[in-house]
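Please work through each task before reading its solution.

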Amino acid sequence: MKPYIIPSGLSILVGLSCLSGAPRSYTDEQIAFWEDEAFPVLEENCWKCHGISKKIRGGLILTTLEGVLKGGEFGPSVDLKNPEASLLLKMTSHQDKDHEMPPDGKMSDEDIAVLAKWIEMGVPFPNADEVEPEGEIVHHGPDYEKAKSHWGFSKPTKPKLPLHALGEHPIDRFINLQLKEAKLPANSRAEDGLLVRRVFYDLIGLPPAPEEVDEYVNDENSEKFSNLVDRLLMSSHYGEKWGRHWLDLVRYAETNGYERDGNKPEIWRYRDYVIDSFNQNKPYDRMILEHIAGDELPDADAASITATGYHRLGVWDDEPADRTLARYDYLDDIVRTSGEVFLGMTIGCARCHDHKIDPISAKDYYSMLSFFANVSPHRNAQSNLIKVTAIKPDPQLVHTRKNWEARKQQLDRSVVSFESDFFSKLEPKHLPKSILNIADARTGGTDWKYTFSAPADDWQTNGFGDADWAVGKSGFGLKGTPGSIVRTDWNTPHIWMRHKFGLAELPESLFLSFHHDEDITVFLNGRIIFQKSGYSTHYETHDVTETAHAALQTGQNVLAVHVKQTAGGQYADISLRGFSKKINLDGLIGNHGSRVMTAGRFNAYKKDKKNLANHLKSEPSTNQYPVLAVAEQGEHPVHILRRGNPALPGPQVEPAFPSIFGDSETKIPASYKKGSSSGRRRVLAEWLASPENPMTARVMVNRIWQYHFGRGIVRSSNDFGIQGVAPTHPKLLDWLAHRFVESGWDIKAMHRLIMSSHAYQRSSAPNDQALLKDPLNNLFWRFDMRRLQAEEVRDSILAARGSINLSLGGPSVTPPLPEIILKTASQPDKAWGKSTPAQANRRSVYVKVKRSLQDPILLSHDMADTDSTCPVRFTTTVPTQSLTMLNGEFVNDSALLLADRIRRTAGPSSAEQVECGLSIVFSRKPQPQEVQAGVRMMEEVARVGNLSPKEALDRFALLALNLNEFIYLD
């Protein structure tokens, strides 16, 4: 039999076709090289991980020819067309961290040369030397089968409620069961005064007024707690508080980061979308759909498209050194954030290799990234803006429209005033023959029939009899009305006027001049030829040829006018002029404007006329506006990238869900494709929002619990994986997850459920026995006290000083920043902005979130990090907090305003002033000893510092804003 030699030029596919069980034949040279050189090198360096071990790493088998040619998760290990480019040789080079095989040290150059020659010879591999692998093919991460049993990756089953004897409330039954097993005593219910303050901050992030606390404490209604919760859940400030929690999770910021830290235009609309969604109690599954694929939904609207701004919130480099890598960084940010926020899974850890702990492979990571692969890159300026149309008028656009209207009226008045004055002053020789001239009061006037009583319906027609009407000269009104020439008195709410005139021939041009206060309607032979609301302060002239010409007739005609007046001065005067030929007013002004009206006024008119034309082109809609939203562009295949490096592509992958959840294959229905969008994100969104998803509901109810209790049932609320913290009450978590889905993903229903439990309403008082056994309060034997969050601190100070602006929504505000902070910017004058004092006093959720510049009062009190998702705000206690609260400009200015408020409210008595100040910051009536301590403090600082009573109160106000009870709950 003639020896069979595998030619080096054949493709891998041809090689694979020869890999049946039939014996292979090689030349003596090939066999000798295999036995003496190649086999020993492979056996010693490669086989222990890639064929004969219990776990076959990376899916790569090197103990069979088929395994060598097929390769592992990064593709074929040899390239028979180009042997030098073989992956096997690259991985043994140890040239960098991406190429380190074997992992325990580099092979000798001689051994690498052996492998190179073996590949060049066509990888001779006799059947007799093959070792069929018996081990399990695994990735570089954890034991997949073992990981599948982890509680976080299994679908929760609804547990039975513990015994009724443990409490009426279902949550308390789970909590009390573990307290009983641990033999821990639970705290009693918190005092009403503490509880109402807790609920206010919990739901709306604002302090209750002292009178609201008193009203609650004195209310004897058994339903008062649930009534309070319901009232606050209906408050528009609820969305501001809970929307801020969500903004932490989605890394909300309004700038891109890096050196320039450019603005994300219109991104504040996403913030308003979030606040509105919470206020509307939008189902959580709908929020997921809108965030991931709001533009691809069949019922996509302005809100759902705005929600996709979520994809644009991350850090973005506008000058990347490597644009391909930057694109993957951009998509990686979306994948990481989505995995952690919606699934509680650290999917992003598998970008460079299989997850080292959780059952998430690199293939899983890139399959998830495939759902977002076609998302267009972030760009500068207005590139990512999409125009949407809302059902209701947008409040901000209504304001913009109002300003636009005001500017239009200003330009209109200026243009009309010039044209009117010009037309009245232009010499008759420049005009065609006059056929009709009903003069106004400026040129002697005309006799009019008039009445102050409502006439019959046909009063404006030619045939109406007006013999009993009074007669008066042009210029009806009250003397002293600005710009008026009053010849006939008129001081009633209405006036009806008629003037008959005859025509032998019909004019070709008609000009109406008038001065009125307020609404005017002009009729010609019963037909309306002009209407205008409001009042004028000067005469206006309008070309009415188009509306009036058809109403005229030869013979007798009647001009009728109705003017309605409601307040202020009043005046009505009108003229109508007709000419034998068409008049080109623009042409007349161009030829004679400068001479008749002076050059200065003529030039101003031309400028206003041009500005008016441009202004009319920019007419804003009240419900159409741009939003920063996602978009897709083109088709982008995704490959597994070795070590996360785009220069090292591996096998191509398709969109798929993590394999830990079973069948991960997905199909994108053709009907899901919408415009340039692939429909991929909608498939992912529907999977995330499905009740069958084992993670989504569990993760969200844990977050709701966390924001009520200060920590989640799972403390690592973004990581439900193996390296996360195990739940303290796993059955309670699963029961809540089922309840959440059953409620229709109703977030407010979960608030009511959780807050109505005894566990939530417990006192935060210490207990030595319980503290010894459970110092971290893992079993919820008490309610943990907490410091106010950064936004709550600032908002509470604004509320205490009495100047908080509670208006909702709109562009972000920029309160004053200290000069030392502004100087850290590359362009201090342009880095921030300057809001009006009223705008600067708005709630902190509306303060601009600029990655490179942050408000000291917010920064020092642990505001959210915006570079990535922020699941938990850790509460620090550092010196800068005291410095900010005692020496900071904002707090010191606020103390002076609080002191002024106290003086206005309490009067001159020190005791009354202290009682007033403490009631404001404590939201309760202070105890006598607390008032006495405050009075002593004022007396002491006045004596030691030689201060006036006013200055002493100013110091007390600063102290009041620094008291623990003001900054801490419970």
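**Exercise 1.** Determine how helix H33 and helix H35 pack.

Solution. Helix H33 (residues 910-922) packs on helix H35 (residues 949-960) at an angle of about 25°, and their axes are 10 Å apart; helices here are DSSP runs (H or I, at least four residues), numbered from the N terminus, and axes are lines fitted to C-alpha atoms over the stretch in contact, with angles running from 0 to 180 degrees between N-to-C directions. H33 and H35 are therefore roughly parallel to each other, a term for angles under 35 degrees. In the contact (heavy atoms within 4.5 Å), Gln913, Val914, Gly917, Leu918 and Val921 of H33 meet Leu953, Phe956 and Ala960 of H35.

The model is predicted, with local features needing pLDDT of at least 70 and side-chain atom pairs counting only at pLDDT 80 or more, whereas totals for chains, interfaces and linings use all residues. Residues are numbered from 1 along each chain as its sequence is written, and side-chain values use heavy atoms, leaving out hydrogens and water.

**Exercise 2.** Decide how H12 is oriented relative to H13.

Solution. The axes of helix H12 (residues 268-279) and helix H13 (residues 284-293) come within 11 Å and cross at roughly 165°. H12 is therefore roughly antiparallel to H13, the term for angles over 145 degrees. Tyr270, Tyr273, Ser277 and Phe278 in H12 meet Met287, Glu290 and His291 in H13.

**Exercise 3.** Identify the residues that Leu736 contacts.

Solution. Leaving aside neighbours within four places in sequence, Leu736 is in contact with Ile171, Val701, Trp705, Ile713, Met750 and Leu753.

How values were computed
Helices (H or I, at least four residues) and strands (E, at least two) are DSSP runs, numbered from the N terminus. Angles under 35 degrees count as roughly parallel, over 145 as roughly antiparallel, 65 to 115 as roughly perpendicular and the rest as oblique.
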